[in-house]
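Biologist: I would like to go through this model feature by feature. Please give the general idea each time, and then the case at hand.

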Amino acid sequence: MLVLAAQESFFLARRPRKDSPHTTAAYRRDLAGVTALLAEVTGTPPDRLVMADLTARNLRAAFGVFADSHAKSSVLRAWSTWNQFLTFCVAEELVAGNPMGAVARPKTPPLVPKPLRGEDTPERLLAAAAEGARRGRDPWPERDVLVLALGLVAGLRSAEMRTLTLASVVGRPGERRLHVAGKGNRDRSVPIEPAMDRIIEQYLVSCRRRFPQGRFDRGSALLRDRHGEPIGRGGLEYLVRSCFRWAGLHDRVPSGANLHALRHTFATRLAEDGASASEIMALLGHASLATSQNYIEATARERRAAVAGNRTYVSLARLPHRE
């Protein structure tokens with residue numbers, strides 16, 4: 001059987017799982033990227049590769065080349081995708097065994113929360129956005145504040161923000177909540193307080209003012225770009241990055257975090273205020289309790305490090321010992 005045909009069968013078999021479009025696209029990229037390298041390794045065009053070409057030796061060579069130009073996290077994700085694909089192939093009797101066990105992979109890095117640095121950073125960021133600090137061709141402070149708040153007080157991922165619709169805001173006044181289509185089809189409900197409800201309403205008023213002919217039914221996207229269309233991934237990342245820069249807080253964002261730093265700040269503050277791992281898991285939509293526990297453990301380490309850094313401890317250490 002051709003490798004590309006087996007891959008299509010793999011995706012067909014996954015359809016009942018209702019993977020998100022983002023997940024499916026990532027799987028397709030991982031399979032296509034390594035398939036192209038397998039074609040180079042074997043000297044066979046991608047559309048002529050057969051299942052017999054998927055040997056441990058060929059896969060090791062292809063993943064070796066793949067690793068030369070990709071980060072650890074990308075290699076680990078691609079390895080996982082191919083492991084799932086070949087496990088499916090074993091079940092379908094397309095191959096005798098899964099060769100991925102013979103292909104080295106990076107160790108899974110432990111989750112290290114990357115919240116915004118500085119105790120007052122979230123408050124300063126929100127205040128600057130509300131005051132219209134972010135300058136551009138078309139300033140829109142109501143949208144800036146809403147996007148930042150969705151990360152800081154609701155803990156949403158980028159993809160989750162972009163899939164919000166007007167129907168995602170549910171419940172009676174004073175008891176509102178966000179219905180979030182989470183990662184891995186793990187939908188969840190995030191309570192929002194009246195202050196957040198007001199931010200959403202102010203944003204919607206600004207939308208109707210900007211786009212008087214726009215569509216605002218329950219199924220339309222909540223977050224929009226300056227043309228009134230659903231905001232894209234790049235546009236959302238740029239918006240948040242610009243908010244940090246115009247607020248003068250870009251040096252307080254951990255490297256590589258950006259929008260995700262808002263979500264990590266939300267989780268870290270929950271842990272600091274005494275939330276349990278199970279509560280954090282429910283609010284953030286984690287698949288594993290261990291992931292949520294990391295925030296609590298990291299918070300404890302940071303508190304100890306902060307105490308140890310107190311300069312009074314230096315004086316305390318110099319006091320004479322008395323027997």
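This is a predicted model: local features need pLDDT of at least 70, side-chain atom pairs count only at pLDDT 80 or more; totals for chains, interfaces and linings use all residues.

Biologist: What does the chain contain in helices and strands?

Modeller: There are 13 helices and three strands. The chain has 323 residues, of which buried ones make up 41%. Among contacts with a separation of 6 or more, 61% join residues 24 or more positions apart.

Biologist: How should I read helix 1, and what span should its residues have?

Modeller: Helix 1 covers residues 3-14, and at 1.5 Å a residue its 12 residues should span 16 Å. The C-alpha atoms at its ends are 17 Å apart, which agrees.

Biologist: Which residues of helix 1 are buried?

Modeller: The general idea comes first. An α-helix has 3.6 residues a turn, so residues three or four places apart point the same way. In helix 1 the buried residues are V3, A6, Q7, F10, F11 and R14. They lie on the same side of helix 1, because the arc they cover around the axis is only 140°.

Biologist: What do the buried residues of helix 1 pack against?

Modeller: Their partners are helix 2 (21-42) and helix 4 (72-91).

Biologist: Now the nonpolar cores. Which residues touch the most other members of the largest one?

Modeller: In soluble globular proteins, nonpolar side chains tend to be buried together. Here the largest nonpolar core has 45 residues, and L125, L146, L150 and L223 touch the most other members. At least two residues of this core come from each of several elements, including helix 5 (121-130), helix 6 (141-152), strand 2 (177-180) and helix 8 (194-210). Helix 6 gives the largest share of this core, seven residues. Apart from this core lies another, of 28 residues, with A6, V34, A62 and F66 among them.

Biologist: What is L150 in contact with, leaving aside its neighbours within four places in sequence?

Modeller: L150 is in contact with G155, L156, M161, L164, L178, M196 and L223.

Biologist: Take R263 next. Is R263 buried or exposed?

Modeller: R263 lies in helix 10. Its relative accessibility is 2%, so R263 counts as buried. Not counting residues up to four places away in sequence, R263 touches G151, G155, L156, R157, E160, R188, L284 and H286.

Biologist: How far apart are R263 and G155 in sequence and in space?

Modeller: In sequence they are 108 residues apart, and in space 4.3 Å, C-alpha to C-alpha. A polar atom of the R263 side chain lies 2.6 Å from the backbone oxygen of G155.

Biologist: That leaves the salt bridges. How many are there?

Modeller: Side chains of opposite charge can pair when their charged atoms come close. The count here comes to 13 salt bridges. One of them joins E160 and R157, at 2.5 Å from N to O, and both residues are buried. Another joins E175 and R172, at 2.8 Å. E175 counts as partly exposed, at 46% relative accessibility, while R172 is exposed, with a relative accessible area of 57%.

Biologist: Which residues are linked with R14 in a network of salt bridges?

Modeller: R14 is linked with R17 and D19. Between R17 and D19 the closest N and O atoms are 3.9 Å apart; the cut-off for a salt bridge is 4 Å. D19 is partly exposed, at 23% relative accessible area, whereas R14 is one of the buried residues of helix 1.

Key:
Residues are numbered from 1 along each chain as its sequence is written. Side-chain values use heavy atoms; hydrogens and water are left out. A nonpolar core is a set of buried Ala, Val, Leu, Ile, Met, Phe, Trp, Tyr and Cys residues joined through side-chain atoms within 4.5 Å. Buried means under 20% relative accessible area, exposed over 50%, partly exposed in between (1.4 Å probe, protein chains only). Helices (H or I, at least four residues) and strands (E, at least two) are DSSP runs, numbered from the N terminus. Contact means heavy atoms within 4.5 Å. The expected span of a helix is 1.5 Å times one less than its number of residues. The arc is that of the directions from the helix axis to the C-beta atoms. A polar contact is a pair of N or O atoms within 3.5 Å; within protein, one must be able to donate a hydrogen and the other to accept it, and residues adjacent in sequence count only if both atoms are side-chain atoms. A salt bridge is a side-chain nitrogen of Lys or Arg within 4 Å of a carboxyl oxygen of Asp or Glu.
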